[in-house]
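Here is a friendly note to read alongside the model. The points below go from the two chains to where they meet, and then to a few details.

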Amino acid sequence: MSETLRPDLSIIAREVPAGARVLDIGCGDGALMAALSDNKGVDARGLELNASQVERCVARGLSVVQGDADSDLAEYPNKAFDYAVLSQTLQTSARPDQMLEQLLRVGQQAFVSFPNFAHWRTRAALMFGGKMPVTRTLPVSWFETPNIHHVTIVDFRELVAAQGARIERSWYFAGDQQIGASGANWRAELALFQLSR
Amino acid sequence: MNHNVADKAKSLRLNAPLPLDSGRELAPVEIAYETYGELNADKSNAILICHALTGDQYVASTHPVTGKPGWWERMVGPGKPIDTDRFHIICANVIGSCMGSTGPASDGESGAPYAMQFPVITIRDMVRALDVMLGQMGIERLYCVVGGSMGGMQALSLAANFPERVARVLAIATTARHSAQNIAFHEVGRQAIMADPNWQAGDYYNGDTPDSGLAVARMAAHITYLSEEGLTEKFGRRLQDRDAKSFGFDADFQVESYLRYQGSGFTQRFDANSYLYITRAMDYFDLAEEHGGKLGNAFAQSSARFCVVSFDSDWLYPTSESRHIVHALNAAALPVSFVELSAPFGHDSFLLDVPALDRVVEGFLSA
């Protein structure tokens, strides 16, 4: 299966070692799972809320459970996976702090990516427009967005520290390009962290 | 209809007495089955389809009594989601049933039909018989076991009790245990049969059969297979062949007429005692109870991939029951897919036109 992965997913696909056990939470159409299992023999499992996405995943031979990460992650045993992946889903969670705890409970390590709310374009929209930003990474109006817990890179680092977890590595993106870490909280539209405890 | 893919009237006698959960034994045991598609040289492409309560082995071939197409022809056949060009499909009549496998209508040791002398059987007993059958066929490991409703119970039970036998498990619209409500509906059916004067404590094989009781049992059960939405859409409050209510007890409403038709049609093809025994087996089913009270334990020895499917309008075995199964499979760290499909037909959705189910089945079997 050769499809173009989102930039955060292609980093994860590159970094997960062959043969690992991976849980992709909010796996969507299973693009990352397919890449991992096809190219690296990864034992990939998925959790996805949307039934038609799950159906698509199963139809392409992936092991995906329809469910709500906020409630259903608790069903997985401790450290059942080498990596738990939460890509651009943290901000939709009812309790991102509990979600993060669960990630590092079911996985030895976690990959977490999210749209950075402190990106300059978002800040400008608020400061000069006085409106909730509608941007490329946050394309939906405030009243119908699934993103109920906006988060910045600084916020996220603080939450990770407060939970006693460790940031192993981080990657930042603007447009589809990877950018450096300096001034990331201004410059990055999207951030990806590799966490451990 | 695909007469060409079906081999008619196959039957196999188990080569040893079958031990039962009750402590009794059943012997001899005859298993009637149908197959479709070729078994490959290394016998690795066999799929066992387990049928539901009133189903039978005629999954994709004409029913010999009713003349109707097989009960899952939309799913099983050349180029269909369960593809007979690719797989060797086996579907066997469960023990206790009445389409050729040993059941209460079969002759017991006395030479007369067992009737109520037939031992009470369980889902695990049915599966035990299937396991022996597969062994005698020389099929070590199934590519997949597939079942909806009671067929799903058998699929789960096979994976739990004979883990070496199966590489994939596809369990549709099913449950790992019968709920109080499930048991209650079955009890209504059983009492209707037993209240029929023709039932004669089960010894009716030389006389009139308890058709009224069996028909009522079927009518009550049939309601549980449909959804309120489906019934409303299909019948509403429309009257049957009349312009006004009769102020009597004829089938004024279309839904009454439909149920009566379903009930009487059923008596043409099913044995009332079989209905008692098989509903009992379903009521006794509790896969966790068999395994120390923890459903996760049931699957501890399994290495199969699982796919569990529920339907949003199924109130007989609702999605929560499927989630319970998925939870246990996750706890056992087994690869599992689960999806709740949207379909208006209630429990019977697994038998009807739900294209999403076709895609899921085909996808799961191809991986």
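1. Helices (H or I, at least four residues) and strands (E, at least two) are DSSP runs, numbered from the N terminus. By that count, chain B has 10 helices and 12 strands, and chain A has eight helices and eight strands. Please keep in mind that this is a predicted model, in which local features need pLDDT of at least 70 and side-chain atom pairs count only at pLDDT 80 or more, while totals for chains, interfaces and linings use all residues. Residues are numbered from 1 along each chain as its sequence is written, with chains lettered from A and ligands numbered from 1 in the order in which they are written.

2. Let us begin with overall shape. The radius of gyration is taken over C-alpha atoms, and the globule rule is 2.2 Å times the number of residues to the power 0.38. For the 367 residues of chain B the rule gives 21 Å and the model has 20 Å, so chain B is as compact as a globular protein of that length. Its C-alpha trace spans about 65 × 50 × 45 Å along the principal axes. Chain A, with 197 residues, has 16 Å, in agreement with a compact globule. The C-alpha atoms of chain A fill a box of roughly 50 × 35 × 30 Å along the principal axes.

3. Next comes burial. A residue is buried if 20 or more other C-beta atoms lie within 10 Å of its own, exposed if 12 or fewer, and partly exposed in between, with C-beta atoms placed from the backbone. Buried residues make up 52% of chain B and 44% of chain A.

4. Where do the chains meet? Two residues are in contact if their C-beta atoms, placed from the backbone, lie within 7 Å. On that basis, 23 residues of chain B are in contact with 16 residues of chain A. Strand E11 (305-311), H9, strand E12 (336-341) and helix H10 (355-366) of chain B each give two or more residues to this side, and H10(B) gives the largest share, seven residues. The side of chain B that touches chain A holds 13 nonpolar, six polar and four charged residues. Here Ala, Val, Leu, Ile, Met, Phe, Trp, Tyr, Cys and Pro count as nonpolar, Asp, Glu, Lys and Arg as charged, and the others, Gly among them, as polar.

5. The axes of helix H3 (residues 51-59) of chain A and H10(B) come within 7 Å and cross at roughly 35°; axes are lines fitted to C-alpha atoms, for helices over the stretch in contact, and angles run from 0 to 180 degrees between N-to-C directions. From H3(A), the contact uses A:Glu55, A:Val58 and A:Ala59, while the residues from H10(B) include B:Arg359 and B:Phe364.

6. Which residues of H6(B) are buried? They are B:Leu259, B:Gly263 and B:Phe266. These residues cover an arc of only 65° around the axis, which puts them on the same side of H6(B); the arc is that of the directions from the helix axis to the C-beta atoms. Helix H4 (211-225) of chain B is included in what covers them.

7. Finally, B:His324 sits in helix H9 (residues 319-331) of chain B. B:His324 counts as partly exposed because it has 16 C-beta neighbours inside 10 Å. Beyond its neighbours within four places in sequence, B:His324 is in contact with B:Ala176 and B:Leu295.
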